[in-house]
Amino acid sequence: MLVIGKMSTPPKVTNAKVIKSGAWYIAANLVVKGMTLISTPIFTRLLTKEEFGNFSNWMSWTHIAIIVITMKMESTLISAKFDYNSRLNQYNLSVLGLTAGLTAFWTLLINLFSSFFVDLTGVRLAYMNMMLMYCFFHAVVTFYQITERFFYRYKRSVAISLFIAISSTILSVLLVINMQNRLTARILGGILPVIAMGAILFLDFIKNGKKIDTAVWPYALKICIPYVPHLLSLMVLSSVDRIMITRICGAADNAMYSVAYTCGHMVTLLLVSMNSAFAPWIGDKLNEKQYTQIRRVSKYYILLFCGIAIPMMLLAPEILLFMGGKRYLGAMYVMVPVSLGCVCQFLYTLFVNVEQFEKKTIGMA
């Protein structure tokens with residue numbers, strides 16, 4: 001069983017350790033997100049356009065549901081690392097207990113008013129229940145990985161990421177080939193490895209956290225409640241296009257757009273990978289009040305990102321041809337605007353990291 005271990009005041013982190021940890025996280029994220037790109041040409045050929053479009057619609061609603069249902073409680077760890085460092089295990093279990101309660105509430109609500117939610121989303125009730133289960137265990141996995149990341153322990157987190165990415169891709173392909181309902185197969189293949197890993201990690205949180213302390217819930221909620229509209233606006237902005245295309249034009253047209261969006265979203269892959277390494281470092285430097293160093297490093301950080309992102313945009317049409325073949329090539333004009341939007345997203349993510357940390361100065365003393 002994976003062991004989080006006792007949390008204590010972290011030792012002073014050397015630059016070499018930060019660089020090594022950051023390099024591993026960037027590499028792992030590139031591999032994990034790259035699996036989506038690698039598998040896209042396979043699924044565009046195994047699934048019909050309608051099936052591919054319906055799965056894209058399910059994924060869009062899942063991304064929104066993760067924010068609404070779990071409230072992204074892991075975003076509190078950038079400050080809880082310092083405020084609860086001596087009992088961070090108990091803090092994690094307590095907040096995951098709150099997440100479980102929120103998930104149970106939404107499960108009850110959606111099943112009681114299923115007609116409304118099915119009509120709203122265009123997603124069958126069975127698939128929504130799969131979504132709800134996925135949301136909770138995704139939160140558990142994310143909590144574990146971010147805790148490891150903030151203490152620069154990369155080995156287990158990287159191993160978990162690789163396991164989920166590789167196993168979900170292989171399982172999805174096998175299920176799609178062998179099951180009659182290929183949409184169900186595609187969804188199950190994506191969520192089962194996360195659920196399995198999340199169940200193991202949740203038992204580990206229980207073992208190390210011992211008991212739930214509800215006193216930490218106000219601390220987490222005061223950070224997350226204002227943060228949810230921010231995340232939700234971003235997610236709606238990035239998902240509502242596919243939802244609207246599905247409702248107005250149909251799943252087949254959404255499939256065309258989704259393949260192009262996946263290619264254009266390669267820049268986001270780079271953003272997530274780099275920020276997973278940068279966020280722990282900036283949290284430590286903000287705690288040490290090393291503002292001059294943050295400004296200096298941020299300039300090079302921005303230049304590095306743009307220097308990689310712009311060439312990726314130039315290669316996007318060729319990538320689209322590989323991803324979906326000629327039948328998807330008509331959507332190539334979507335990719336550059338999507339990629340440019342991701343560059344803008346990267347720039348404001350720098351400030352989001354600071355805002356998450358600076359909750360201490362906005363009534364959280």
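What follows is a look at the fold, the nonpolar cores and the aromatic pairs of a predicted model.

Of its 365 residues, 55% count as buried. Contacts reach well along the sequence, too. Taking residues at least 6 apart, 83% of the contacts join residues at least 24 apart.

The largest nonpolar core holds 76 residues, and Trp-58, Met-73, Tyr-91 and Ile-187 touch the most other members. Helix α6 (residues 125-150) is the top contributor to this core, with 15 residues. Leaving aside residues up to four places away in sequence, Trp-58 touches Val-123, Tyr-127, Met-131, Ile-187 and Ile-191. There is also a second, separate core of 18 residues, with Phe-43, Leu-175, Val-176 and Val-259 among them.

Aromatic pairs number 9 across the whole structure. Tyr-84 and Tyr-91 count as stacked because their ring centres sit 4.9 Å apart with the planes at 25 degrees. Tyr-84 is buried at 12% relative accessibility, and Tyr-91 is buried at 1%. Ring pairs link these two and Tyr-219 into a cluster. Tyr-144 and Phe-205 make an edge-to-face pair, since their centres are 6.3 Å apart and their planes at 80 degrees. Tyr-144 belongs to helix α6 and Phe-205 to helix α8 (residues 182-209), so this pair ties together parts 61 residues apart in sequence. Both residues, Tyr-144 and Phe-205, are buried.

Two arginines also lie over ring faces: Arg-124 over Tyr-127, at 4.8 Å from the ring centre, and Arg-186 over Phe-43, at 4.0 Å.

How values were computed: Residues are numbered from 1 along each chain as its sequence is written. This is a predicted model: local features need pLDDT of at least 70, side-chain atom pairs count only at pLDDT 80 or more; totals for chains, interfaces and linings use all residues. Side-chain values use heavy atoms; hydrogens and water are left out. A nonpolar core is a set of buried Ala, Val, Leu, Ile, Met, Phe, Trp, Tyr and Cys residues joined through side-chain atoms within 4.5 Å. Buried means under 20% relative accessible area, exposed over 50%, partly exposed in between (1.4 Å probe, protein chains only). Helices (H or I, at least four residues) and strands (E, at least two) are DSSP runs, numbered from the N terminus. Contact means heavy atoms within 4.5 Å. Rings of Phe, Tyr and Trp (its six-membered ring) pair if their centres lie within 6.5 Å; planes under 30 degrees apart count as stacked, over 60 as edge-to-face and the rest as tilted. A charge sits over a ring if NZ of Lys or CZ of Arg is within 6 Å of the ring centre and within 35 degrees of the ring normal.
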